[in-house]
Amino acid sequence: MVLLLDMLVVLFLIYFGVGGKVLSHCADSWKRLTKAIVAVVVVAAVTVGMWWLWPKPLDTSHTKVEISASSKFTDAQLDDLVQASYRANAGMKNCSVDKVKYDERQSEKIVDMEIDSYDEGHGSALGRAVREHGRSGAAVLFVDMTCQEHVDDEDHVEWYMLLPQDDGTKTWVLQDWGNG
């Protein structure tokens, strides 16, 4: 809005002259006015283009969070899981997270499938982590995103493990993700 007002002031000054001296309405003043209008349009187009194309950080302001009742995790741990997902996806520019969903029954089914896949030698990252640390810290989170430019993982599944850290705390660690 300020830019638009500045452009109008510039047009006014070019058309009517600087210092209150009125320019004649000759061809010269119309050429100046035309040049000023073209300059203003170009500046406005570049400004809008830069705003549109400039990478914006991941938007989580309108995210719908659906968390089922859990017998494995506390509410605080599940809140931390959602925040871990935001951190893991922070590099995705011009995207917004529409929905984050944790359903314990669905999560457990996928954990079972990943364990079976790992045991059969198919290289599941979550299956390996569960075998190393136990399944009590495994969670699968479903994330729906919308991006300005389409990317393959707008609707995807993320596999996390709540793992002990060197300082004794437990932190969610992304093990893998895939299209959902």
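Modeller: What follows takes the labels one at a time, and it should be kept in mind throughout that this is a predicted model.

Colleague: How many helices and strands does the protein chain have, and in which pattern do they follow along the sequence?

Modeller: The secondary structure comes to five helices and five strands, and reading along the sequence gives the pattern α-α-β-α-β-α-α-β-β-β. Of the 180 residues in the protein chain, 33% are buried, and among contacts between residues at least 6 apart in sequence, 58% join residues at least 24 apart.

Colleague: Why is the pair of Phe73 and Tyr102 called edge-to-face?

Modeller: A search of the whole structure finds two aromatic pairs. In the one formed by Phe73 and Tyr102, the centres are 6.2 Å apart and the planes make an angle of 70 degrees.

Colleague: How do you know whether Phe73 and Tyr102 are buried or exposed?

Modeller: Buried means under 20% relative accessible area. Phe73 has a relative accessible area of 6%, and is therefore buried; Tyr102, with a value of 1%, is therefore buried too.

Colleague: Which residues of helix α5 are buried, and what do they pack against?

Modeller: In α5 (residues 125–133), the buried residues are Ala125, Leu126, Gly127, Ala129 and Val130, and the buried residues of this helix pack against α4 (104–119), β3 (138–147), β4 (155–164) and β5 (170–179). At the start of α5, a side-chain oxygen of Ser124 comes to within 3.5 Å of the backbone nitrogen of Leu126, while the residue that follows the helix, Gly134, has a positive phi, near 90 degrees.

Colleague: What makes Val38, Val42 and Val46 a nonpolar surface patch?

Modeller: Patches are made of residues with over 30% relative accessible area, and nonpolar side chains, Val among them, are joined within 5 Å. Val38, Val42 and Val46 make a patch of about 250 Å² on these terms, and Val46 lies in helix α2 (residues 27–53). The protein chain as a whole exposes about 11400 Å², of which carbon and sulfur atoms supply 60%.

Definitions and conventions
Residues numbered from 1 in each chain as written. Predicted model: local features only at pLDDT ≥ 70, side-chain atom pairs only at ≥ 80, totals over all residues. Heavy atoms only, no water. Patch = residues over 30% accessible without salt bridge, like charges linked within 9 Å, V, L, I, M, F, W, Y side chains within 5 Å. Areas by Shrake-Rupley, 256 points an atom, 1.4 Å probe, with all protein chains shown as cover. Salt bridge = Lys/Arg side-chain N within 4 Å of Asp/Glu carboxyl O. Helix = DSSP H or I, 4+ residues; strand = E, 2+ residues; numbered from the N terminus. Phe/Tyr/Trp six-rings, centres within 6.5 Å; stacked < 30°, edge-to-face > 60°. Buried < 20%, exposed > 50% of the residue type's maximum accessible area, 1.4 Å probe, protein only. Contact = heavy atoms within 4.5 Å. Polar contact = N/O pair within 3.5 Å; in protein donor to acceptor, adjacent residues only side chain to side chain.
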